[in-house]
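Here are my notes on the model you sent. They are set out as numbered points, to be read with the structure open.

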Amino acid sequence: VEECLCKGRGLSGLFYTGHMAQFYIISRDAFGNKLLGGGHEFSVRVLTHSTDGVPLPEIRGKVEDLLSGSYQVNYMPEHVGLVTLSVNCKTTDFEGEVEFR
């Protein structure tokens with residue numbers, strides 16, 4: 001996996017704590033072509049800080065290999081505030097922020 005694209009509603013916007021959020025990872029080769037098979041290992045971490053800046057326990061997203069080069073990610077926000085989503089594969093990292101209310 002040289003490149004990955006993450007897309008879906010679970011990457012941006014406002015979400016409610018206790019409600020499932022979802023997005024997809026689409027794996028691509030070095031030329032940007034979508035990979036057609038699965039088998040890659042991804043991990044997703046949801047990192048949150050309290051309103052006074054104290055780090056809260058991280059949440060792990062559940063990654064399901066759809067065996068098509070795409071991976072479905074589900075996670076449930078547990079805390080209010082701005083979070084960082086960290087998506088990791090052997091060669092690719094993505095980080096972004098999402099606000100939960």
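**Notes on the predicted model**

1. Cys 6 has a relative accessible area of 17%, and so it is buried. Please keep in mind that this is a predicted model. Cys 4 has a relative accessible area of 23% and is therefore partly exposed. The cut-off that separates the two residues is 20%, since buried means under that value.

2. How many disulfides does the count come to? The count is zero. For Cys 4, the closest cysteine sulfur is that of Cys 89, at 5.5 Å, which is too far for a bond. A disulfide would need the two sulfur atoms within 2.5 Å. Cys 6 is in no disulfide either; its nearest cysteine sulfur belongs to Cys 4 and is 6.8 Å away.

3. The search of the whole structure gives two salt bridges. In one of them, the side chains of Glu 58 and Arg 45 meet at 3.3 Å, N to O. This pair links distant parts of the chain, with Arg 45 in strand S4 and Glu 58 in the loop between S4 and strand S5 (59–60), 13 residues apart. There is also a salt bridge between the side chains of Glu 58 and Arg 60, at 3.1 Å, N to O. Shared partners join Arg 45, Glu 58 and Arg 60 into one network of salt bridges.

4. Arg 60 is exposed, with a relative accessible area of 52%; the cut-off for exposed is over 50%.

5. Strand S4 covers residues 43–48. S4 pairs with S8 in the antiparallel sense, over six bridges. Within this pairing, Arg 45 stands opposite Ser 86 in S8. Strand S8 (residues 81–88) has six of its eight residues buried, so S8 is largely enclosed by the rest of the structure.

6. Thr 48 also has its place in strand S4. Its relative accessibility is 3%, so Thr 48 counts as buried. Leaving out residues up to four places away in sequence, Thr 48 touches Val 54, Pro 55, Leu 56, His 79, Val 80, Leu 82 and Val 83.

7. Which residues have the most contacts inside the largest nonpolar core? They are Phe 23, Ile 25 and Val 87, in a core of 17 residues. Strand S3 (21–28), S4, strand S7 (70–75) and S8 each give two or more residues to this core.

8. The count of aromatic pairs comes to two. One of them is formed by Phe 23 and Tyr 75 and is edge-to-face, with 6.2 Å from centre to centre and 70° between the planes. This pair too links distant parts of the chain: Phe 23 lies in strand S3 and Tyr 75 in strand S7, 52 residues apart. Phe 23 counts as buried because its relative accessibility is 0%. Tyr 75 is buried as well, with a relative accessible area of 1%.

How values were computed. Residues are numbered from 1 along each chain as its sequence is written. This is a predicted model: local features need pLDDT of at least 70, side-chain atom pairs count only at pLDDT 80 or more; totals for chains, interfaces and linings use all residues. Side-chain values use heavy atoms; hydrogens and water are left out. Helices (H or I, at least four residues) and strands (E, at least two) are DSSP runs, numbered from the N terminus. Buried means under 20% relative accessible area, exposed over 50%, partly exposed in between (1.4 Å probe, protein chains only). Contact means heavy atoms within 4.5 Å. Two strands pair if DSSP finds at least two bridges between them. A salt bridge is a side-chain nitrogen of Lys or Arg within 4 Å of a carboxyl oxygen of Asp or Glu. A nonpolar core is a set of buried Ala, Val, Leu, Ile, Met, Phe, Trp, Tyr and Cys residues joined through side-chain atoms within 4.5 Å. Rings of Phe, Tyr and Trp (its six-membered ring) pair if their centres lie within 6.5 Å; planes under 30 degrees apart count as stacked, over 60 as edge-to-face and the rest as tilted.
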